[in-house]
Amino acid sequence: MTATTVRKTTWSSNPPRRSSQRTDQGRPLGQHGRARTSSSVEKDETTDLIASNKVEGTAVYNRQGEKLGEVYNFMVGKRSGGVAYAIMSFGGFLGIGQKYHPLPWNALTYDTGKKGYVVDADKERLMGAPNYAAGEEPFSRPEYGQQVRDYWSSGLT
């Protein structure tokens with residue numbers, strides 16, 4: 001495995017404020033009332049943490065090295081704060097026919113050599129997985145999350 005570059009987030013030295021207060025520009029302040037400097041957005045990465053904007057768009061491969069798609073976004077548990085699913089975009093052209101496949105976050109591993117995530121599934125398994133089209137909101141139905149969990153817990157191939 002190759003070493004990853006670690007970058008530090010830059011915070012301004014503004015005095016702490018309550019998170020309900022806003023900056024002069026009307027934007028909410030970050031955690032603990034600290035406002036980020038504009039140059040810190042690209043640098044939101046440590047050895048254990050990465051900003052969501054750096055994950056979105058990252059390629060997803062299978063163990064055979066085939067590119068399956070890319071991380072479109074991810075679903076975070078409201079109460080736990082943990083990432084439950086990476087939503088992988090797959091197929092389509094210019095957004096037409098695009099399908100979204102929820103993958104359990106713990107099924108993905110980051111490969112520094114590929115600079116992408118790897119899932120232990122072939123294209124056939126992925127094509128049979130629960131998916132949805134743009135504009136659909138399947139997670140609003142509780143049974144959909146269970147369907148995704150059941151599919152992927154039945155064994156990755």
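The charged end of Arg 125 sits over the ring of Tyr 151, 4.2 Å from its centre; this term requires NZ of Lys or CZ of Arg within 6 Å of the ring centre and within 35 degrees of the ring normal. The model is predicted, so local features need pLDDT of at least 70 and side-chain atom pairs pLDDT 80 or more, while totals for chains, interfaces and linings use all residues. Residues are numbered from 1 along each chain as its sequence is written, and side-chain values use heavy atoms, without hydrogens and water.

**Aromatic pairs**
- The whole structure holds 9 aromatic pairs, defined by ring centres within 6.5 Å for Phe, Tyr and Trp (its six-membered ring), with planes under 30 degrees apart stacked, over 60 edge-to-face and the rest tilted.
- Phe 74 and Trp 105 form a tilted pair, 5.8 Å centre to centre with 45 degrees between the planes.
- Phe 74 lies in strand β2 (residues 67–76) and Trp 105 in the loop between β4 (99–104) and β5 (108–111), 31 residues apart; strands are DSSP runs of E, at least two residues, numbered from the N terminus.
- Phe 139 and Tyr 144 are edge-to-face because their planes are at 90 degrees, with centres 5.1 Å apart.
- Tyr 144 is buried at 3% relative accessibility, whereas Phe 139 is partly exposed at 25% (buried is under 20% relative accessible area, exposed over 50%, partly exposed in between; 1.4 Å probe, protein chains only).

**Strands**
- β2 and β3 pair in the antiparallel sense over 6 bridges, pairing being at least two DSSP bridges between two strands.
- Ala 86 in β3 is the bridge partner of Phe 74, and Leu 103 in β4 is the bridge partner of Ala 86.
- In strand β3 (residues 83–90), 6 of the 8 residues are buried.

How values were computed
Helices (H or I, at least four residues) and strands (E, at least two) are DSSP runs, numbered from the N terminus.
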